[in-house]
Amino acid sequence: MDEFKKIRDLMVETQLITRGIKDRRVLDAMRRVPRHLFVDESIQYKAYDDMALPIGEGQTISQPYMVAIMTELLELKGNEKILEIGTGSGYQAVILAELSKEVYTIERVAVLVKRAEERFNFLGYGNIHVKVGDGTLGWPEESPFDRVIITAGTPKIPDPLIEQLSEGGIIIAPVGDRFSQQLIKVKKSKGRLSEEYHTPCIFVPLIGEYGWKGED
Ligand code: SAH
């Protein structure tokens, strides 16, 4: 049992259960995964606070509640192949890896990929595949995906990701302008798309061919 176990359990009680997260598997995964190992040692004491935290390169690890609700909305049963856009710290990818079969995750900032890969290896996740690139293009060689999760704010869901979604698949994404978005859940059934609108949120921008134009 690690020294953070107690505050991790408290995070699940006070931030997730009280706000209505019900999926037992999601709650258990978030009780298990050592979130403090996904931030710099100097801010580990804040790792279980109710907020996003900086991970360098101007990027953030999402607030625990945001990870929980996005994961719950994916309706994971355990046998899915998932595509994540925006690896960041790797925390969301590890939560997904706990709850599905294979996770493919793309990050545009190479140094973040390197750090995330070190964490996946250290923690022993053999079912996470990570690469540097523009995630708005998806990962065609590995498609189709049963689930797609975009963890950066986007003006719309990139067309390639809709194309790479399998029949019966689900996409979760924060869609909106650069400064505020709303979580959207898209389902593909019989080749048609249906949309549901969920909580307002604030993510760093998705920068790429089908996202926002680059700042650098
Ligand atoms: N899921 C992450 C949080 C990600 S923050 C976690 O659990 O820590 C959003 C990330 O998306 C940032 O790291 C940013 O660099 C990345 N990003 C932005 N645009 C991208 C793109 N087109 N393709 C891949 N990654 C992108």
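Me: Which backbone oxygen lies 3.1 Å from a polar atom of the Gln181 side chain?
Reply: That of Asp177. Bear in mind that this is a predicted model.

Me: Where does Gln181 sit?
Reply: In strand 8, which covers residues 181-189.

Me: Buried or exposed?
Reply: Gln181 is buried, because its relative accessibility is 6% and the cut-off for buried is under 20%.

Me: What does Gln181 touch, leaving out residues up to four places away in sequence?
Reply: Its contacts include Gly153, Pro174, Val175 and Gly176. Thr199, Pro200, Cys201, Ile202 and Phe203 are also on the list.

Me: Switching to strand 4. How many of its residues are buried?
Reply: 5 of 6, so strand 4 (residues 102-107) is mostly covered.

Me: Which residue in strand 4 is opposite Leu83?
Reply: Tyr104.

Me: And what about strand 5, how many bridges to strand 4?
Reply: 5 bridges, again in the parallel sense. Strand 5 is residues 128-132. Within this pairing, Ile106 has Lys131 of strand 5 as its bridge partner.

Me: Which helix goes with strand 3 and strand 4 in a β-α-β unit?
Reply: Helix 4, residues 91-99. The unit is right-handed.

Me: What handedness does the unit of strand 4, helix 5 and strand 5 have?
Reply: Right-handed. Helix 5 there runs over residues 110-123.

Key: Residues numbered from 1 in each chain as written. Predicted model: local features only at pLDDT ≥ 70, side-chain atom pairs only at ≥ 80, totals over all residues. Heavy atoms only, no water. Buried < 20%, exposed > 50% of the residue type's maximum accessible area, 1.4 Å probe, protein only. Helix = DSSP H or I, 4+ residues; strand = E, 2+ residues; numbered from the N terminus. Pairing = 2+ DSSP bridges. Right-handed = clockwise from strand over helix to strand, strands pointing away. Polar contact = N/O pair within 3.5 Å; in protein donor to acceptor, adjacent residues only side chain to side chain. Contact = heavy atoms within 4.5 Å.
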